[in-house]
Every structure is written in structure tokens, then in C-alpha cells.
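User: Please walk me through this model. Take it one question at a time.

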Amino acid sequence: TRNAQSFARAGAAVLVPQNETSGAALAALIADLLGDATRRATMASAMAALGRPGAAREIADRLEALAAS
């Protein structure tokens, strides 16, 4: 949930609380997103800005350094 909240705050996702979710509400949200190319592009850009290319390599390097010490 924390990741989803962070993504939503950044404009990269839509957070729908589970207790407020229904099939109809989800279908309406999906339809809205499918009909709004600008919003999808904005969300995609926001998600890309949150990305950390090379994060897996950085984690592995730090773990190797810890194991070697």
C-alpha cells in the first residue's frame, strides 16, 4: 500500500481503497483512463521519473560489499 500511495501522490497511479472498490467502480476508472490519453501520458511520465535505473545492480553491489567485510 505504501508504494501505491507514493505512486499516487506523484501522479503516477490511481489509488482506489479496497473497501471502496467494486467491479463497476473499477470498470468506470479503467474506462476513464482508456479515454484520456493525456492523463495516461502524464502518469507514464510521472512513473518514469520515479524509476531508478540500475537499482538492482546497486543493491547487489552493496550486498557483495557487506558480505566481503
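**Helices, salt bridges and a surface patch**

Analyst: Isoleucine 30 lies in helix H2 (residues 23–34). Helices (H or I, at least four residues) are DSSP runs, numbered from the N terminus. This is a predicted model: local features need pLDDT of at least 70, side-chain atom pairs count only at pLDDT 80 or more, and totals for chains, interfaces and linings use all residues. Residues are numbered from 1 along each chain as its sequence is written, and side-chain values use heavy atoms, with hydrogens and water left out.

User: Is isoleucine 30 buried, exposed or partly exposed?

Analyst: Buried means under 20% relative accessible area, exposed over 50%, and partly exposed in between (1.4 Å probe, protein chains only). Isoleucine 30 has 42% relative accessibility, so the class is partly exposed.

User: Which residues form a nonpolar patch on the surface, and with about what accessible area together?

Analyst: Patches take residues with over 30% relative accessible area and no salt bridge; like charges are joined within 9 Å, nonpolar side chains (Val, Leu, Ile, Met, Phe, Trp, Tyr) within 5 Å. Areas come from the Shrake-Rupley method with a 1.4 Å probe; for residues, only the protein chains shown count as cover. The patch is formed by Leu26, Ile30 and Leu34, and together their accessible area is about 290 Å².

User: How many buried residues does H4 have among its 14 residues?

Analyst: Helix H4 covers residues 55–68 and reaches 20 Å from its first C-alpha to its last, close to the 20 Å expected at 1.5 Å a residue. The expected span is 1.5 Å times one less than the number of residues. H4 is hardly covered, and its count of buried residues is 0.

User: How many salt bridges does a search of the whole structure find?

Analyst: A salt bridge is a side-chain nitrogen of Lys or Arg within 4 Å of a carboxyl oxygen of Asp or Glu. One of them joins aspartate 61 to arginine 57 at 3.4 Å, N to O. Both of these residues lie in H4, 4 residues apart, about one turn of the helix. The search of the whole structure gives 3.

User: Which residues do salt bridges that share partners join into one network?

Analyst: Arginine 52 is exposed, at 56%, and pairs with glutamate 58, the closest N and O atoms being 3.1 Å apart. Glutamate 58 is partly exposed, at 29% relative accessibility. Glutamate 58 also bridges to arginine 62, with the closest N and O atoms 2.9 Å apart. The network joins Arg52, Glu58 and Arg62.

Technical notes:
Helix = DSSP H or I, 4+ residues; strand = E, 2+ residues; numbered from the N terminus.
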